Amino acid sequence: MSELKFTTENFNSEVIESDKPVLVDFYADWCGPCKMMGPVIEEIAKEYEGKIKVGKLNVDDDPEIAQQFNVMSIPTLIFFKDKQAVQRSTGFIPKEKVEEIINA
């Protein structure tokens, strides 16, 4: 399964109300580091399938969600657990660091 697409319409039900932890990649299509992060997010989505949800939110399409979580730079990864944002990272990070966020 590839990563999910989060939007204003589904963010609350798919992320906040999720019974599983959720990793959200806040990105934009024009962002170079975001493009570098893409394959890492795809790998994480496949490897953690069934354990966590992994998805992307385009900050150009849904800026209100980015504002709600104070996303000022992209890419920003936010890990949600039990209806709360519990971990965050900004800028490109390697897969190992993403796994550290998930396993923290």
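**Notebook: contacts, fold and selected residues**

I looked up the contacts first: among those in the protein between residues at least 6 apart in sequence, 69% join residues at least 24 apart. A contact here means heavy atoms within 4.5 Å.

I note that this is a predicted model, in which local features need pLDDT of at least 70, side-chain atom pairs count only at pLDDT 80 or more, and totals for chains, interfaces and linings use all residues. Residues are numbered from 1 along each chain as its sequence is written, and side-chain values use heavy atoms, with hydrogens and water left out.

**Entry: overall fold**

I found 4 helices and 5 strands in the protein. Helices (H or I, at least four residues) and strands (E, at least two) are DSSP runs, numbered from the N terminus. Read from the N terminus, the elements follow the order β-α-β-α-β-α-β-β-α. The radius of gyration of the protein is 12 Å, close to the 13 Å that the globule rule gives for 104 residues, so the protein is as compact as a globular protein of that length. That radius is taken over C-alpha atoms, and the rule is 2.2 Å times the number of residues to the power 0.38. I also recorded the span of the C-alpha trace along its principal axes, about 30 × 25 × 25 Å.

**Entry: surface and charges**

The accessible surface of the protein comes to about 5700 Å², and 49% of it belongs to carbon and sulfur atoms. Accessible areas come from the Shrake-Rupley method with a 1.4 Å probe; for residues, only the protein chains shown count as cover. Buried residues make up 49% of the 104 residues. Buried means under 20% relative accessible area, exposed over 50%, and partly exposed in between (1.4 Å probe, protein chains only).

For the charges, I found that the mean positions of the 12 positive and 19 negative ones are 4 Å apart. Lys and Arg count as positive and Asp and Glu as negative, while His and the chain ends are not counted. Each charge is placed at NZ of Lys, CZ of Arg, CG of Asp or CD of Glu.

**Entry: the disulfide**

I searched the whole structure and found 1 disulfide, a pair of cysteine sulfur atoms within 2.5 Å. Cysteine 31 is joined to cysteine 34, with an S to S distance of 2.4 Å. The torsion about this S-S bond is about 75°, so the disulfide is right-handed. Cysteine 31 is buried, at a relative accessible area of 4%, and cysteine 34 is buried, also with 4%.

**Entry: helix H2**

I located glutamate 42 in helix H2 (residues 32-47); at 38% relative accessibility, glutamate 42 counts as partly exposed. Glutamate 42 and glycine 55 are 13 residues apart in sequence, and their C-alpha atoms are 8.9 Å apart in space.

**Entry: loops**

Threonine 7 lies in the loop between strand S1 (4-5) and helix H1 (11-16). I noted threonine 7 as buried, at 15% relative accessibility. Leaving aside residues up to four places away in sequence, threonine 7 touches Leu57 and Asp62.

In the loop between helix H3 (63-68) and strand S4 (76-81) I found proline 75. A cis peptide bond joins isoleucine 74 to proline 75, with omega about -5°. Asparagine 70 is also found in the loop between H3 and S4. Asparagine 70 is not a glycine, yet its phi is positive, near 55°; at 51% relative accessibility, asparagine 70 counts as exposed.

Lysine 83 sits in the loop between S4 and strand S5 (84-90). I recorded a positive phi of about 70° for lysine 83, although it is not a glycine.
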